[in-house]
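Hi everyone, thanks for coming.

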Amino acid sequence: MPASTTISLGAYVRRHRSRIRQGIIFVFVSVAIHMGMPFITRYAVDTLVDGDFRLGTILGYAAAYSLAALAMAACGLRMRRILLSTGHQIEYEIRRDVFAHLARLDYYFFGRERTGDLMTKMTSDLTAVREFVGQGLFQGARTALSASLAFTIMFIINYRLALVMLFLLPTISLLFFFLLRLLRVRYADSQEQFSRISNFSQESFAGIRTLRGYAMEARQQERFGNLNTDYIQLKMALSRVERPLWPAMVFLFGVGVVLILWVGGRQVVAGQLTVGQFVQFSQYLFFLQWPMLALGWTVNLWQRGMASWQRIASILQAEPRIRDNEQTDHSITTIQGDIRFEQVALELEGTTVLHDINWVIPAGHTLGVTGPTGSGKTLLASLLARLIDPTHGRIMIGDNDIRTIPVDVLRREVGMAPQEAFLFSDTLANNIGFGLDEPDPEKIFAAAELAELHPDVEKFPARFDTWLGERGVTLSGGQRQRTAISRALARDPGILILDDVFSAIDTQTEAAIQARLQPVLHDRTTLIISHRVSSLRHADCILVLQDGRITQSGTHAELVQQAGYYRELDEVQRLEACLEGVS
Amino acid sequence: MIKEPEPEIEGKLFDAHLTRRLLRYAHPYRFMLAGCVVLILCMALVQSYLPVLLQAAIDRYLLGDDEPATRIAGLTRIGGQYLGWALLAFGVRYLQSYWMAWIAEHIIFNMRADIFAKILRLPLGYLDRHPVGRLMTRVTSDVDAMQKMVSDGLVGLLADAFVLLAIMGFMWHLSPRLALTLFTIFPLLVAVMGWINWNTRRAHRRVRHKQSALNAHLQEMITGMLTVQLFNREPQVKAEFDRRNQELRGGWFDTVRWISWFFPSMEVLNALSITLVLSVGGWALWSGSDTVTIGVMVAFMAYVRDFFRPLEDLSEKSTVFQSAMASSERIFRLLDEPERIDDPAQPVQLESFRGAVTFDHVWFAYNDENWVLKDVHFEIAPGEAVAIVGATGAGKTSIISLINRFYDVQQGQVRVDGHDVRAYRQVDLRRRIGVVIQDPFIFSGTIASNIDLHNPQVTRERVVEAARYVNAHRFIEALPQGYDTPVQERGVSLSTGQKQLLAMARALVQNPDILLILDEATANVDTESELLIQDALRKVMRGRTSICIAHRLSTIRGVDRILVMRHGELIETGTHTELISREGYYRRLYELLAHQPCS
């Protein structure tokens, strides 16, 4: 598991240290050439000032300037390719590792984290890290090298003018850095207002019926207007910092030119500085312009990158609770036998949601479970599929506590069709055959037939190859449920869990599925959760769950004899059926 | 196998029709915009004048033959001038860009307000079809893209053009010979940079597509991860993710290849220009021509680098344009959406309703000919309390939606006080009709704001009075800050029963003449709240026309008349006793209701 052992960003960077070193060498060479180029202009200008020169000399300087630029560009090209690609390579590796880690994380993690937050970490945070690693390292190295080299040269040529520059340039960097920081604060303020606007719109659009019903449109528009007026204020406050940023930089470099003119010009007049050197200095001023700005920018990138990395690392640091550990008995390769819930209790966020469940499902039997919404039916199924572990007691399959069974062995044997089936945007066939190691059209077709999905499939544009989801065919609730049933059945599991999968299927189709399923159910242990008596009546035994406790149990025939939840359910549903029949 | 469809198309760089519509928003600010353009022009001139000063300093004072003191005085003066001009350039630039930001914010303000108002007017059918998230994008990121284009893209482009022209002008002024030489390589420069830019943009676009495909995939995987685990598909899913991840990386590598060309090419072209300046200038000096001086050559070097600057962020600017065009297309498409439900030109004026409601052979369907109401005909007298009962999907809710004109009928008429509902202004109509929903929409705000709905005419006394009347006062007082207790959107902190009481206070506070009540069956209300709700319902219905979609037996028994709906038709009508004695559909329905809630 590479993800959990290396959670420092440095480790990712170190993995590419030879590439980075190579890149830095190119940075060095290109900076060295760049800083050498003003010498050419200086000698050329001095030659011209001298007046008495051969045309060849000056053309030679001119050609040398272009050649130097070519060499520098060649290095610059390599340096960017190497360092920027390394940034993308590292981004790729982090994304790969985080995804691999997500694949290990469990119900507890996904129940706690919001998809939106995880997506932000995997997108904008990752981008911030990549920018820091790619651009940040490259610009940082370049800035540091350019500045030190340029100042060394300037000091060698003329320390007084160099001192002036040394005073001016870092001031610019510092100023830029602080403006950027102020900018960030104001940006955050305006973003906050922006999200207020966005929440307000969200609420207004979601509550549109109420808005209209109470003729609130005018007031709502006015409030929206007020929010936007405040937003303008904040945006203009931001503009007051943001807008002068670039003009101020241009101006400050103008000040640099003036200083060179005043200090350097005096020296030229005094004969202490040649005009060529004067031009050379002004070129350094220009060359340092970008590195000086990049300094503040790089620090910014670094701060953001590190903060983002912390957020990404928080995913990598999360440890799954459901996984193979030292308790796991790897000699278990298949599972069979009765399923026993032994004094099972489950606590979630401090509330006990399942109390003292004791029940045995003999191998090959079908257990029906019903009860009001929120009574813990789905949790019972989740325990059996080991999406969550009980806080007390244990669940046995045959002679093994399910916590000792390797997770993938258990899951291989459990086929679950959940309440809200998650279907992937893929073809129908791939969704049904999702749990198969090898796509097998025959198994897929057979599973679809069992779930009465095939008449619908006939009507789809590309039958089993029809694409599902937002960009393809949108399935109705009943079709989704039947696809989920097929998906669970296609794996031919020893233990089948159907969690309220008939709720959106009409009664006739349900009856047809029930008829097809009966022989299939004989070969396996089945848990059927439902609110419908028609789905439960064939079960070998039915449990009624209320507030996390088993309140009734027995066969359909037995339960309709007892006063209680099940009989009420049966009566209401018969009345409903009767009502439908009235003409 | 059906191929995965491509994500939506990119916007064009420029679209004349869209631009014209955009300009309509700019119209109120046209004079300010003109002022801005003048400022941009000034800025370009001032900024490009600076190298001329440099030239003068070098030729006249650095290289001059005058007394050192005169030369130093001259240098000091020119330095001072330079500083002054630079400061002016700064001022003009700042002013212009701040001004432009102001204009852009205001243009966008109007646009955002229009979009918001439009969405509030759109037919409910449209809103049902389009997820809220997508509508929000219209007022948020789409508008933002436009804002960026107006404040930066448009002006940036203009400023760049002016600067380039100004530079060329000053170059010509200093030395036509050097200027002409440089002009010859400008086409090359533009061609090369344009080519690299075009390729970079293309590579970027590919990356964007791959990135959004990967993000969509990732989001799906995160949402479905537990399903993946249930089916032991982790290795397969990881392999698939890795494939897409590698594809994205490949796209980035492509982009890096082009980006890496950009600055080095610019540096080479820049050096080439300087080489030209040196050689042509040097040759001129060598041949003794006085058309070129050293100062002119240095000034030209400064111009060369200024000339390159606008080209640096060309790529960014074109992206701004492109996304703004795509956004504006989406925005205008929304603004052009037909509203269907219009207010009449000469609406019937009204102070209040007596409260007579008539359905005159109404036929209604949400779409096509799937009739939800078939020839429904009934009359409700002012002050009468009526319950509508029927199985799910019988058309009960549609009756309510037609009375306050959320939808229009296809045939027949819905009349309130003898006038077709289409004859009133929607706002007038709805202001006099109160709707009570079982699971009311709770806005984020306070308890009080959820009752008065931000209507300034409703005083706090009135709010408290209404709350007291519907038995909501007690629980509100018990909250930490009473009526000012903040509530979150969707009211997570309130129980179902409390929300229902709040809904009644909300309806009552505006003292409606007609009350529409959607009394859906809910199981999660405790007995005490249930009693409070029933009592409140009885009280609010008193003295006004009320139409109630009823599930509670107590409500049904308490009304003057019951309308029984089945499959969109009105099949029985009468009092509870009459209907029960008829032994028809109502009787069975009643028996079913007697069993609920069953928990």
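Residues are numbered from 1 along each chain as its sequence is written, chains are lettered from A and ligands numbered from 1 in the order in which they are written, and side-chain values use heavy atoms, with hydrogens and water left out.

Back to our residue. Which partner does B:Asp254 form a salt bridge with? That's B:Arg206, with the closest N and O atoms 3.8 Å apart; a salt bridge here is a side-chain nitrogen of Lys or Arg within 4 Å of a carboxyl oxygen of Asp or Glu. B:Asp254 sits in helix α8 (residues 234-286) of chain B and B:Arg206 in helix α6 (residues 176-223) of chain B, so the pair ties together parts that are 48 residues apart in sequence. Helices, by the way, are DSSP runs of H or I with at least four residues, numbered from the N terminus. B:Arg206 is partly exposed too, at 36% relative accessibility.

B:Arg243 and B:Glu247 form another salt bridge, their closest N and O atoms being 3.2 Å apart. These two are four residues apart in the helix, so about one helical turn separates them. B:Arg243 has a relative accessible area of 43%, which makes it partly exposed, and B:Glu247 is partly exposed at 38%. Through shared partners, salt bridges join B:Glu240, B:Arg243, B:Arg244 and B:Glu247 into one network.

Over all chains, the structure holds 43 salt bridges. How many are there between chain B and chain A? The count is three. In one salt bridge, the side chains of B:Glu105 and A:Lys235 meet at 3.1 Å, N to O. B:Glu105 is in helix α3 (residues 68-121) of chain B, and A:Lys235 is in helix α9 (residues 217-242) of chain A. Both B:Glu105 and A:Lys235 are buried.

Now the interface as a whole. Chain B brings 144 residues to the contact and chain A brings 137, contact meaning heavy atoms within 4.5 Å. The two chains bury about 13400 Å² between them, 71% of it on carbon and sulfur atoms; that's the accessible area (1.4 Å probe) that two parts lose on being put together, summed over both. On the chain B side, B:Leu120, B:Leu230 and B:Phe231 lose the most area to chain A, together 6% of what that side buries.

On to the inside. The largest nonpolar core has 251 residues, and B:Phe359 and B:Ile451 have the most contacts inside it. A core here is a set of buried Ala, Val, Leu, Ile, Met, Phe, Trp, Tyr and Cys residues joined through side-chain atoms within 4.5 Å. Helix α5 (residues 132-174) of chain B gives the most to this core, 16 residues. Domain 1 (16-335) and domain 2 (357-594) of chain B both give residues to the core, so it lies between them; those bounds come from an automatic or database domain assignment. The C-alpha centres of the two domains lie 58 Å apart. Looking beyond four places in sequence, B:Phe359 touches several residues, including B:Leu373, B:Phe378 and B:Ile403.

Over in chain A, take a look at A:Gly264, in helix α10 (residues 245-270) of chain A. At 0% relative accessibility, A:Gly264 counts as buried. Beyond four places in sequence, A:Gly264 is in contact with A:Leu161, A:Leu259, A:Leu273 and A:Phe278.

Where is confidence lowest in chain A? That's helix α1 (residues 2-5) of chain A, at a mean of 40, while helix α4 (residues 55-104) of chain A is highest at 92. Where pLDDT is low, the predicted coordinates should not be read in detail.

Methods
This is a predicted model: local features need pLDDT of at least 70, side-chain atom pairs count only at pLDDT 80 or more; totals for chains, interfaces and linings use all residues. Buried means under 20% relative accessible area, exposed over 50%, partly exposed in between (1.4 Å probe, protein chains only). pLDDT is the predictor's confidence in each residue, from 0 to 100.
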